[in-house]
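Please open the model in a viewer and keep the selection tool at hand.

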Amino acid sequence: MPKAAISHRDGKPATPLVTLSDLTLTKFMNYPQIPSVAYKPIDYAAMQRQIAPTAFMTDATSADLTTFAARGGKMILVTGWSDPVFTPIDLTNWYERLVSETASTATPAEGYARLFMVPGMNHCGGGPALDNFDPLSAIIDWTEKGNAPASMKATGKAFPGVSRPLCAYPKFATYSGSGPLEAAESYSCQ
């Protein structure tokens, strides 16, 4: 911002603002200088060969939960759409594969697994999200009473006074057309 644009109403320069713009904004808020470091490309094929002997134990890619389902297990998966640690697309792809692979079996995934995607939520919480909800009560109710959760009511510090239903994937909260926009009761899972 040019110095001339930063002034009091009387036309005299506003010294604190000039100092702020000259010393702070330009020094600390510009793009950082990129160091001149030579980066070595990653040999992904070599990495795959190194981890192959233990991948069967450490890779969480199998969608075979038949033993879990046969023992009456229930699972609620939750992740944020804005998770910077793990891509939420990997989880939604895995869940879709689980649903697809179990659709024609005696124990389809809908009977023991639910995925809830939280808009705006970072890794395990935070972010511009309604990240306060209770999956523990939902899974207890599902396990003890057989009430599979279709949604969970969510609130959050980022949006005081607002609540929404978190819907079981792939559904999402849709305004019903009446009621307060801030209230979860004005939405349904579609």
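What is the handedness of the disulfide of Cys167 and Cys189, and why? In this predicted model, select both residues and inspect the S-S bond: its torsion is about -85 degrees, so the disulfide is left-handed. The sulfur atoms of Cys167 and Cys189 lie 2.1 Å apart, and a search of the whole structure finds one disulfide. Cys167 belongs to strand β4 (residues 164-167) and Cys189 to strand β6 (residues 187-189), so the bond ties together parts that are 22 residues apart in sequence. Displaying the surface shows Cys167 as buried, at 4% relative accessible area, whereas Cys189 is partly exposed at 22%. Select Cys124 next: this residue is exposed, with 73% relative accessibility.

Turn now to the salt bridges, of which the structure holds three.

Select Glu185 and Lys153, whose closest N and O atoms are 3.2 Å apart. This pair links distant parts of the chain, 32 residues apart: Glu185 is in the loop between β5 (173-175) and β6, and Lys153 is in strand β3 (residues 151-154). Glu185 is exposed, at 59% relative accessibility.

Move to helix α4 (residues 88-102), where Arg97 and Glu101 are four residues apart, about one helical turn. Their salt bridge has its closest N and O atoms at 3.2 Å. Arg97 is partly exposed at 34%, as is Glu101 at 44%.

Finally, select Asp141 and Lys145 in helix α5 (residues 135-145), also four residues apart. Here the closest N and O atoms of the salt bridge are 3.8 Å apart. Asp141 is partly exposed at 26%, while Lys145 is exposed at 63%.

Terms used:
Residues are numbered from 1 along each chain as its sequence is written. This is a predicted model: local features need pLDDT of at least 70, side-chain atom pairs count only at pLDDT 80 or more; totals for chains, interfaces and linings use all residues. Side-chain values use heavy atoms; hydrogens and water are left out. A disulfide is a pair of cysteine sulfur atoms within 2.5 Å. Helices (H or I, at least four residues) and strands (E, at least two) are DSSP runs, numbered from the N terminus. Buried means under 20% relative accessible area, exposed over 50%, partly exposed in between (1.4 Å probe, protein chains only). A salt bridge is a side-chain nitrogen of Lys or Arg within 4 Å of a carboxyl oxygen of Asp or Glu.
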